[in-house]
Amino acid sequence: MNNNTWQVFHFGLLVTGRTFEPHLPKLFNALQSQGGVQGRCHFEVIRFINQLRPKKKKPKINIVGKNKEIPDKTTHIGFAAIKYINKSEHHYVLLIDDLEYEWKERAFEVFQLYREIFDAILKTKKHRAAVHFLVYMLEAYYFADANAINSVLSTHLKDYEGDVETIRHPKGELKKLFKGYNEIKHGGEIISSLDVEHVLSNWETCSSLRTLYQWCWKKMGQVPSDKYQLLNGKLSEITRSQ
């Protein structure tokens, strides 16, 4: 291991889903308890933000009586990131958004909306923030580890055959399986039981989640390996560039 082994790395999460707020850090339990980096990283939600989606450009409106534009309502994203990053050289920011099926054809545009905010405000520190998607939403990954669902909902599912990142509406599927499914209560329990190493064990699937894990892994100074299939596993064509 390199000298970074003894350094604590902090990852602040900007999240777009209410389910994310209390529970998303649990998605990184595998990293936080991983041998070699155990106790060396910490994940926390630092802010809830509204989703950004492409739309037709509107004319900029000036503040009456002043020769400057009304502040962009999205700048809070960049400012939240820079505030966290400035805490130390080992603080990083992850903006994590559900990419719904209806936006799959415009995924790069969605990515660019967020990425441009980071690039403009973080400037030379832009490499310490990244945008990642859960495809098509967080609940998709539950189906890659059926044991996690079964342990909470008392179902008898088997792991999804194929790539769970192709399931159009995984939350809806869960509601069909279990009447009264609550995305915060039950979802939080499922995430706590989720075996992410198992979820990422197939190199051909879960490219978006793997790319998210790989970004964190590299920032902690770890060398990609067969763990989570980071060495040869499929990565997102959109978010891998960060």
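**Aromatic pairs and charges over rings**

A search of the whole structure, which is a predicted model, finds ten aromatic pairs. Rings of Phe, Tyr and Trp (its six-membered ring) pair if their centres lie within 6.5 Å; planes under 30 degrees apart count as stacked, over 60 as edge-to-face and the rest as tilted. In this predicted model, local features need pLDDT of at least 70 and side-chain atom pairs count only at pLDDT 80 or more, while totals for chains, interfaces and linings use all residues. Residues are numbered from 1 along each chain as its sequence is written, and side-chain values use heavy atoms, with hydrogens and water left out.

One of the pairs joins Phe11 and Trp215 edge-to-face, at 6.5 Å centre to centre and with 70° between the planes. This pair links distant parts of the chain, 204 residues apart: Phe11 belongs to strand S1 (residues 9-15) and Trp215 to helix H9 (residues 207-219). Helices (H or I, at least four residues) and strands (E, at least two) are DSSP runs, numbered from the N terminus. Phe11 and Trp215 are both buried, that is, under 20% relative accessible area, where exposed is over 50% and partly exposed lies in between (1.4 Å probe, protein chains only).

Tyr213 and Tyr228 form an edge-to-face pair because their ring centres are 5.0 Å apart and their planes stand at 65°. Tyr213 lies in helix H9 and Tyr228 in the segment after H9, 15 residues apart. Tyr213 and Tyr228 are buried.

One aromatic cluster comprises Phe11, Phe28, Phe43, Tyr92, Tyr213, Trp215, Trp217 and Tyr228. Arg128 lies over the face of Tyr92, at 5.9 Å from the ring centre, and Lys227 over the face of Tyr228, at 6.0 Å. A charge sits over a ring if NZ of Lys or CZ of Arg is within 6 Å of the ring centre and within 35 degrees of the ring normal.
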